[in-house]
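These are my notebook entries on a single structure. I set down what I looked up, entry by entry.

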Amino acid sequence: MKYLHFVLAVLVSFSALTSCAQKSKQPVPVKQELTKTDLSKLSQATFAAGCFWHEEALFESVKGVKEAVSGYAGGTTDHPTYESIETGNTGHTETVTVYYDSSMITYPTLLKVYFAGQDPTDINGQGPDRGTQYRSVAFYNNAAEKNMIENMIKTLNTSGKFKRPVAVQVAPLKKFWPAEDYHQDYILHNPDGGYVQNVSIPEIRHFQHEYPELVKTDHKF
């Protein structure tokens, strides 16, 4: 019986280190947020690529990006919660909406960041996070964005860079639901978390090492 308890404890600890599906008990620090008026002046792009914690931090480290908000999109359930989407039954996937200054960074460059920050050939998940709630989706707001996404996928598929075809879904953005407050700027608030240290930060560092010219000097990991 003691051995069984030991095994269960190890499995729980391992899950905490390697899964995005965990709650934070940390108090959320106060952050100077952009107002809705400020955000309304910016362009928006919406992407899903696995756990939204490091997608949010990755995009916020890019020059020209003013804010990134974690949330849910792609499903049919109204007012989704973290608990409900984790069941995989809502159709939603963990998503970030990126607010950017189009005079400083273009949508094609954001696509470059998006595809470089993940394994775009991975189906229904990224790394340790598996399930439709972690699937990769490039959401578009108009026909021009749709064409740019599809052209990027075509280019990647013919480049020979990947052994498998790109599995990123392309879908219109119907509704973006912001996630709970404790998910926003999660890495900033929980820098020593097991998942953050073992999964999120290494992935962000990999991107930043590959594209240093795109990274803000004060957002290097």
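This is a predicted model: local features need pLDDT of at least 70, side-chain atom pairs count only at pLDDT 80 or more; totals for chains, interfaces and linings use all residues.

Is R164 buried, partly exposed or exposed? I looked up the relative accessibility of R164 and found 44%, so R164 counts as partly exposed.

**Entry: salt bridges**

I then took each pair in turn.

I found R164 in a salt bridge with D119, with 3.4 Å between the closest N and O atoms. I located R164 in the loop between α6 and β7, and D119 in the loop between α5 and β4 (125-126); the pair therefore ties together parts that are 45 residues apart in sequence. For D119 I read a relative accessible area of 30%, which makes this residue partly exposed.

I next examined R130 and D122, whose side chains meet in a salt bridge at 3.0 Å, N to O. The accessibilities of these two residues I looked up separately. R130 is partly exposed, at 39% relative accessibility. D122 has a relative accessibility of 15% and so counts as buried, because the cut-off for buried is under 20%.

The pair K146 and E150 also forms a salt bridge, and its closest N and O atoms are 2.9 Å apart. I noted that both residues belong to helix α6 and are 4 residues apart, which means that about one helical turn separates them. K146 counts as partly exposed at 27% relative accessibility. E150 is likewise partly exposed, and I recorded 32% for its relative accessible area.

**Entry: helix α6**

Helix α6 covers residues 143-159, which is 17 residues, and at 1.5 Å a residue it should span 24 Å. I found its end C-alpha atoms 24 Å apart, so the expectation and the model agree.

Which residues of α6 are buried? I listed E145, I149, I153 and L156. They cover an arc of only 70° around the axis, so they lie on the same side of α6. On the other side of the helix I found A143, K154 and T158 exposed.

I then asked against what the buried residues of α6 pack. Their partners are β1 (43-48), α5 (107-116), β6 (137-140) and β7 (169-172).

I also inspected both ends of the helix. At the start of α6, the backbone nitrogen of A144 has a side-chain oxygen of N142 within 3.2 Å. Just after α6, I noted a positive phi of about 80° at G160.

**Entry: strand β3**

How many of the residues of strand β3 (residues 93-100) are buried? I counted 8 of the 8, so the strand is largely enclosed by the rest of the structure. I confirmed that both of its faces are covered: the buried residues are T93, T95, T97 and Y99 on one side, and E94, V96, V98 and Y100 on the other.

I looked up the strand partners of β3 next. With β1, the pairing is antiparallel and runs over 5 bridges; there I found T46 opposite T97 of β3. With strand β2 (residues 65-73), β3 pairs in the antiparallel sense over 8 bridges. As an example for this second pairing, I recorded E94 in β3 as the bridge partner of Y72.

Finally, I cross-referenced the entries. Strand β1, which pairs with β3, is also among the elements against which the buried residues of α6 pack.

Conventions. Residues are numbered from 1 along each chain as its sequence is written. Side-chain values use heavy atoms; hydrogens and water are left out. Helices (H or I, at least four residues) and strands (E, at least two) are DSSP runs, numbered from the N terminus. The expected span of a helix is 1.5 Å times one less than its number of residues. Buried means under 20% relative accessible area, exposed over 50%, partly exposed in between (1.4 Å probe, protein chains only). The arc is that of the directions from the helix axis to the C-beta atoms. Contact means heavy atoms within 4.5 Å. A polar contact is a pair of N or O atoms within 3.5 Å; within protein, one must be able to donate a hydrogen and the other to accept it, and residues adjacent in sequence count only if both atoms are side-chain atoms. Two strands pair if DSSP finds at least two bridges between them. A salt bridge is a side-chain nitrogen of Lys or Arg within 4 Å of a carboxyl oxygen of Asp or Glu.
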